[in-house]
Amino acid sequence: MDFKEATDVLWGTQPVTAADMAERLGKDPHTIRRARMSGPNARSAPKGWEAVVADLAEKHADELERRVLMLRRLTVELRTEDR
C-alpha cells in the first residue's frame with residue numbers, strides 16, 4: 001500500500017449528513033438544516049433527535065475505529081518491509 005492508498009483509507013470515512021439524520025427522523029433534509037439555524041427562519045429540533053444523533057455518532061465512531069485498525073496494520077506491514 002502506498003501513501004495515496006493509505007490516505008484513501010483515512011479520508012474514505014463518510015461524514016454524517018443532514019440527509020442521514022433526516023432519513024432516520026422521517027424528515028426532509030431542509031428541515032434538519034433549518035433546525036440547526038438560529039433566527040426567525042429556524043425550526044425546532046425534531047422529536048427524538050437525541051437518540052438518533054447518538055446512534056449516528058456511534059456508527060461513525062465504529063467506522064473511524066475500523067480505519068484506525070487498518071492504518072495500524074499498514075504501519076506494522078511497512079515496518080516489516082523496511083527490515
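1. Valine 68 is partly exposed, with a relative accessible area of 31%. The residue belongs to helix H4. The model under discussion is a predicted one.

2. Arginine 67, also a residue of helix H4, is buried, its relative accessible area being 17%; the cut-off for that class is under 20%. Beyond its neighbours within four places in sequence, arginine 67 contacts Asp8, Val9, Gly12 and Thr13.

3. The side chain of arginine 67 also forms a salt bridge with glutamate 63 (2.7 Å, N to O). Both residues lie in helix H4, four residues apart, or about one turn of the helix. Glutamate 63 has a further salt bridge, to arginine 66 (2.7 Å, N to O); that pair lies in helix H4 as well, with a spacing of three residues, about one turn. Arginine 66 is partly exposed, at a relative accessible area of 45%.

4. Over the whole structure, four salt bridges are found. One of them joins the side chains of aspartate 55 and arginine 24 (2.7 Å, N to O). Because aspartate 55 is in helix H4 and arginine 24 in helix H2, this pair ties together parts that are 31 residues apart in sequence. Aspartate 55 is partly exposed, with a relative accessible area of 21%, and arginine 24 is likewise partly exposed, at 39%.

5. With residues up to four places away in sequence left out, arginine 34 touches Asn41, Ala42 and Arg43.

6. The largest pocket has a volume of about 170 Å³. Two or more lining residues come from each of helix H2 (18–25), H3 and helix H4 (49–82), and H2 gives the most, with three. Which classes of residue make up the lining of the largest pocket? It divides into ten nonpolar residues, one polar and one charged. Among the lining residues are Met21, Leu25, Ile32, Arg36, Trp49 and Val53.

Notes:
Residues are numbered from 1 along each chain as its sequence is written. This is a predicted model: local features need pLDDT of at least 70, side-chain atom pairs count only at pLDDT 80 or more; totals for chains, interfaces and linings use all residues. Side-chain values use heavy atoms; hydrogens and water are left out. Contact means heavy atoms within 4.5 Å. On a 1 Å grid over the protein atoms alone, a cavity is a set of points where a 1.4 Å probe fits but cannot get out, and a pocket is an open set with protein on both sides within 12 Å along at least five of seven lines; lining residues have an atom within 4 Å of a point. Grid points are joined across faces, edges and corners, and a volume is the space filled by probe spheres set on the points. Ala, Val, Leu, Ile, Met, Phe, Trp, Tyr, Cys and Pro count as nonpolar, Asp, Glu, Lys and Arg as charged, and the others, Gly among them, as polar. Buried means under 20% relative accessible area, exposed over 50%, partly exposed in between (1.4 Å probe, protein chains only).
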